[in-house]
Amino acid sequence: MDTTFDGMPDGRLYLAGEWREGTGAEITSVFPADGSVNRVLKGASRADGEEAIAKAKAAQADPAWQGLKPHERARYLYAIADGIEANIDRISQIQTRDTGKTLRETAALAASAAGTFRYFGAVVETMDEDLTVQRGTALTMSVHEPLGIVAAITPWNSPIASDAQKVAPALAAGNAVILKPASWSPLTALELARIVDEAGLPKGLFSVLPGSGREIGNLLVEHPDIARVSFTGGTTTGRALARQAADKLMPVSLELGGKSPTIVFEDADQDQALAGILFGIFSSSGQSCIAGSRLFVQKSIYDSFVPRLVEATKRLKVGHPFDADTQVAPLIHMDHRAEVADHVARAIAEGAELLCGGAIPEGDLYAKGSYYLPTILAGVKNTDRICREEVFGPVLVVMPFEDEAEVIALSNDNDYGLACGIWTRDFPKAWRIGRAIRSGTIWHNTYKQFSISTPFGGEDDSGVGREKGRQGLRAYMAQKSFYTDLTGQMHPWAAATVEGL
């Protein structure tokens, strides 16, 4: 297993097309597998942010950019997609060291990001404006224009893919973009900046500013020249951001947390369900907003199904992210592992039964990393804190249910509404239940599958708005309506007044 790599970004910010050292607080990127330091960099200060916004405003308003036709803007997105595809191995190495994810997963995320840029290039090239239905004497139409400057605030758990889902449609729509990555994983976004720069995007249209939420995040939300914020992260931060945005009547999209239910009916293909449940909660070490963290199993199969699930969980390979056989890699940070462990310990103290996991793995391989064993808890009620709060780690709670009505009620009895998995051979039943459950995404006999062409987002505490899909481009545009008179006649209200003058 080769762990050598000398291609980490040097830590300079990408400010309006220029590489420079930040003037803000220090940020340290740590390799979660062993605690070694990837890079220490100076983050962006408020002054850096102000400069990036001023230059973005000038670049976005430049007639040379504004005058580009959609297919001409699309060429930049295609070039960025090509650059990502040519650097997938390099991006994968950087992101694995930045986040602890397996190389297999980070390579897939990089490929997904390339596809996202390519998709939105195609969307902007082929999206038609609207000739609206005529209801009077005027020809009516609707056109879409860029908003101005978009702020993209992305989380630490899936850099490059999350970045692309915001940056690609915003650029395709004709905006300038300022990207603020999370301080725990700043390096992957800086690598994206290098690729964007090499694609020849006009200077000023794109900046990457790692920095604190209090300083850079608040600036991007509050600044009068920021026309829209797209945020992915925690619900508490999302609520605060929404309040700030409301003060300036600024549109936002918020992709927040989840406590997603997974439902196994007695008629399910149990092997298929087992594999899907394991992937849905334990891949990415559970650090996923859509993780299937609440499992409901029909009572008639509960006593046979759960022991098989526990045994399969114990077989998962917890290991180094560079090992091709690893399924569960370390968590992002020691502090985050402590939070996950605290959730589990508190649940057990409150009466939960530990079926497996619930500990740090033993052995030299794990000694310096932020590893945590895949964990299953039973003996809980849907109202317990462990069933209400997002753990964001490899922790699953399992509960029995009797029938459709009960599991719908249990699934919906939660503040979140992001995703849901349903395992049954009965499609009409899956359709009924999927329509009844409050959730932005329903997976039937699969889990954690995505397509850039299919909208994604949540309800209630899981957020506001949707990303992806053809309409994902319109979210970064302002709509303008035109009325053109077809009669050549004076308006009758003033015709008599005007005649003879």
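**Figure 1. Asp 197 and its contacts.** Leaving aside neighbours within four places in sequence, Asp 197 is in contact with Tyr 14, Gly 17, Trp 19 and Lys 203. Contact means heavy atoms within 4.5 Å. Asp 197 has its place in helix 7 (residues 187–198). Helices (H or I, at least four residues) and strands (E, at least two) are DSSP runs, numbered from the N terminus. Is Asp 197 buried, partly exposed or exposed? At 23% relative accessibility, Asp 197 counts as partly exposed. Buried means under 20% relative accessible area, exposed over 50%, and partly exposed in between (1.4 Å probe, protein chains only). Asp 197 and Ile 80 are 117 residues apart in sequence, yet 8.8 Å apart in space, C-alpha to C-alpha.

The model is predicted: local features need pLDDT of at least 70, side-chain atom pairs count only at pLDDT 80 or more, and totals for chains, interfaces and linings use all residues. Residues are numbered from 1 along each chain as its sequence is written, and side-chain values use heavy atoms, with hydrogens and water left out.

**Figure 2. The whole protein.** The protein has 17 helices and 22 strands. Its radius of gyration is 25 Å, close to the 23 Å that the globule rule gives for 501 residues, so the protein is as compact as a globular protein of that length. The radius is taken over C-alpha atoms, and the rule is 2.2 Å times the number of residues to the power 0.38. The C-alpha atoms fill a box of roughly 90 × 55 × 40 Å, taken along the principal axes. Of the 501 residues, 55% count as buried. Among contacts with a separation of 6 or more, 74% are between residues 24 or more positions apart. The accessible surface comes to about 20900 Å², and 52% of it belongs to carbon and sulfur atoms. Accessible areas come from the Shrake-Rupley method with a 1.4 Å probe; for residues, only the protein chains shown count as cover.

**Figure 3. The nonpolar cores.** In soluble globular proteins, nonpolar side chains tend to be buried together. A nonpolar core is a set of buried Ala, Val, Leu, Ile, Met, Phe, Trp, Tyr and Cys residues joined through side-chain atoms within 4.5 Å. How many residues are in the largest nonpolar core? It has 80 residues. Those with the most contacts inside this core are Ile 84, Phe 117, Phe 120, Phe 206, Val 229 and Leu 473. Helix 5 (residues 103–126) gives the largest share of the core, nine residues. Apart from this core lies another, of 42 residues, among them Ala 33, Ala 182, Ile 301 and Phe 305.

**Figure 4. Val 229 and Ile 153.** Beyond four places in sequence, the contacts of Val 229 include Ala 151, Ile 153, Leu 220 and Met 250. Ile 153 lies in strand 7 (residues 149–153). Ile 153 is buried, with a relative accessible area of 6%. Beyond four places in sequence, Ile 153 is in contact with residues including Lys 166, Lys 180, Val 229 and Leu 241. Ile 153 and Lys 248 are 95 residues apart in sequence and 18 Å apart in space, C-alpha to C-alpha.

**Figure 5. Leu 316 in a loop.** Where does Leu 316 lie? Leu 316 lies in the loop between helix 11 (299–315) and helix 12 (334–349). Leu 316 is buried, with a relative accessible area of 13%. Leaving aside neighbours within four places in sequence, Leu 316 is in contact with Leu 278, Phe 282, Gln 327, Val 328 and Pro 374. Leu 316 and Val 407 are 91 residues apart in sequence and 28 Å apart in space, C-alpha to C-alpha.

Figure 6. Most residues other than glycine have a negative phi. Phe 392 has a positive phi of about 60° although it is not a glycine. Its place is in the loop between helix 13 (385–388) and strand 16 (395–401). Phe 392 is buried, at 17% relative accessible area. Lys 468 has a positive phi of about 75°, and Lys 468 is not a glycine. Lys 468 has its place in the loop between strand 21 (463–464) and helix 16 (471–474). Lys 468 counts as buried, at 8% relative accessibility.

**Figure 7. Arg 435 at the surface.** Arg 435 is exposed, with a relative accessible area of 62%. Arg 435 lies in helix 15 (residues 427–436). Arg 435 and Ile 408 are 27 residues apart in sequence and 10.0 Å apart in space, C-alpha to C-alpha.
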